[in-house]
Amino acid sequence: GSGTGDFDIKLNGIDITPDRTFSHISNTAGLPYFSAFKDVTQQILTTGNGDYFLSELDVSAFLIPGQTYCGNATNFAGWAIVVIYENPALPVNQLNVYDGLQGVPSAVTISLDNLNVIDNAGAKIGFVAWEGDRSIANNETLRINGILVGNPPLNPANNAFNGTNSFTGSDTLYNMDLDVYDVQGYINVGDQQAEISLTSNQDVVMINTVVTKLNSQFPDATIAIDNVQTQCNSREI
């Protein structure tokens, strides 16, 4: 969200203390943005299917006169739960989750390492991003390994982050993006890393989470928490 952060929040009434926090200073207006990461696996396993409600996330303190994030003095804040699940009936895949906070304009490059591309068939990459505006398409591009990526009509090549959800087809997320792209033609067998490049000449876009799904063949499932690398049976990210 906007500002230096509100980290005293609750998920379904349970206090949440972040495992990691991140900050970013806009290189256009010099204003701060924040994000945080919390592993809530045990709470999700205990609660199971149902509704989840996050409360007490408040950025009103950052509505400072003369320091507005938008011309109408509105701030933004949001949250998301990324779920990685195992389905023994599906082929073994390597899932990598990268969490942090990087933003544009005007350009940013994110290097993804710890990849192990054995077969690029069905390879996907997904994003949780914030502040993308549907009406602003000023050189807002996404490239993977130097190749321009698009998924029209939902994600045009010149407006990659525009408040859409690739899973549901919604175009009314209003400044949040949950996008997934097929990247079989953008990576090669044997690759151990990939490079994501973003440009924007106007719209402020915050990249919060990146997930990659690759077809790999490993004998056992492994999970690491920091810069999570997960190998499990799953078709979707």
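**A predicted fold with a buried serine**

Serine 2 counts as buried because its relative accessibility is 1%, where buried means under 20% relative accessible area, exposed means over 50% and partly exposed lies in between, using a 1.4 Å probe and protein chains only. The structure is a predicted model, in which local features need pLDDT of at least 70 and side-chain atom pairs count only at pLDDT 80 or more, while totals for chains, interfaces and linings use all residues. Residues are numbered from 1 along each chain as its sequence is written, and side-chain values use heavy atoms, with hydrogens and water left out.

**Overall build**
- The protein has one helix and twelve strands, which are DSSP runs numbered from the N terminus (helices are H or I with at least four residues, strands are E with at least two).
- Read from the N terminus, the elements follow the order β-β-β-β-α-β-β-β-β-β-β-β-β.
- The protein contains 237 residues, of which 44% count as buried.
- Among contacts (heavy atoms within 4.5 Å) between residues at least 6 apart in sequence, 73% join residues at least 24 apart.

**The N-terminal part**
- Serine 2 belongs to the segment before strand S1 (9-11), and, when residues up to four places away in sequence are not counted, serine 2 touches Pro32, Tyr33, Phe34, Val59, Phe62, Tyr69, Asn75 and Phe76.
- An open sheet is formed by three strands in the order S2-S1-S5, with antiparallel pairing, where two strands pair if DSSP finds at least two bridges between them.
- The edge strands of this sheet are strand S2 (14-16) and S5, each of which pairs on one side only.
- S1 and S2 are joined in the antiparallel sense over three bridges, and isoleucine 9 stands opposite isoleucine 16 in S2.
- Proline 18 is found in the loop between S2 and strand S3 (20-25), and proline 18 counts as partly exposed because its relative accessible area is 23%.
- Leaving aside neighbours within four places in sequence, proline 18 is in contact with Phe7, Ala36, Phe37 and Lys38.
- Although proline 18 and serine 35 are 17 residues apart along the chain, their C-alpha atoms are separated by 9.5 Å.

- Apart from its neighbours within four places in sequence, isoleucine 207 is in contact with Gly100, Leu101, Gln102, Ile110, Phe127, Val128, Ala129, Phe161 and Leu198.
- In soluble globular proteins, nonpolar side chains tend to be buried together.

- S6 is mostly covered, with 16 of its 21 residues buried.
- S6 pairs with S11 in the antiparallel sense over 17 bridges, and asparagine 93 stands opposite asparagine 215 in S11.
- Isoleucine 81 is placed in the loop between strand S5 (54-55) and strand S6 (92-112), and isoleucine 81 counts as partly exposed because its relative accessibility is 32%.
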